[in-house]
Amino acid sequence: MAVSIPVLVIVIALHLIAFVLAVGAERRRSTAKVVPDEYDEKTFCVYGTDASTAYGLAAFGLLLISQTLVNGITKCLCFGRGMMGGSSTTCAIFFFVFSWVSFLGAEACLLAGSAKNAYHTKYRAVFQVESLSCATLRKGVFAAGAALTLLSMIGSIFYYWKHSKADTGGWQKHQNEGLGMAASNYTESTERKG
């Protein structure tokens, strides 16, 4: 199997878009403030935008599509033909594990961040309570997901590249190769003799 440039472009594009969405989710996290209720003596939390939940889930989906694409093409290192031995196979296995660990970490951060960001507390307390706080997402959860997304991209690219080298033994498969057929000049040689 040779490295396919369109596959690399799609994988890189999906990872980079997921990275941008994860950074956007970090910057647009929900903010909240405590506001008194006008009808009774309780206070409640008023939240800002929920855009980061949508950004985080979109990044989650794009990263999942990209990982599925790479592992579908390479047959997830487990299925299909065996690979040639050597350093390319060792590197392919290392980058396979690296891409999966970083992928799972990124997916966990993005999914947990989106779920926590979507959680809104309602009524918190009575007016006399001094320290009220509304539940919000901590800083850095989506940023960690973004960083792990980039690591997943690097791991996926090198895994795909090394897998293709180990799959072919470092040789490129050539198309339209075969025995060249030349025109026969059998009739000319028999006419000259005769």
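Leaving aside neighbours within four places in sequence, with which residues is Phe 142 in contact?

## Phe 142 and basis of the model

Phe 142 is in contact (heavy atoms within 4.5 Å) with Ala 22, Ala 25, Glu 26, Arg 29, Ser 52, Gly 56, Leu 110, Gly 113, Ser 114 and Leu 137, its neighbours within four places in sequence being left aside.

The model is predicted: local features need pLDDT of at least 70, side-chain atom pairs count only at pLDDT 80 or more, and totals for chains, interfaces and linings use all residues. Residues are numbered from 1 along each chain as its sequence is written, and side-chain values use heavy atoms, with hydrogens and water left out.

## Nonpolar cores

A nonpolar core is a set of buried Ala, Val, Leu, Ile, Met, Phe, Trp, Tyr and Cys residues joined through side-chain atoms within 4.5 Å; buried means under 20% relative accessible area (1.4 Å probe, protein chains only). The largest such core has 14 residues, of which Ala 59, Leu 62, Leu 63, Leu 110 and Phe 142 touch the most other members. Two or more residues come from each of helices H1 (5-27), H2 (51-73), H3 (87-118) and H4 (141-168), helices being DSSP runs of H or I with at least four residues, numbered from the N terminus. The greatest contribution, five residues, is that of H1.

Another core, of eight residues, lies apart and includes Val 70, Phe 96, Tyr 159 and Tyr 160.

## Strands E1 and E2

Strands (DSSP runs of E, at least two residues) E1 (residues 32-36) and E2 run antiparallel and are joined by five bridges. Lys 33 has Val 46 of E2 as its bridge partner.

Key
Buried means under 20% relative accessible area, exposed over 50%, partly exposed in between (1.4 Å probe, protein chains only). Two strands pair if DSSP finds at least two bridges between them.
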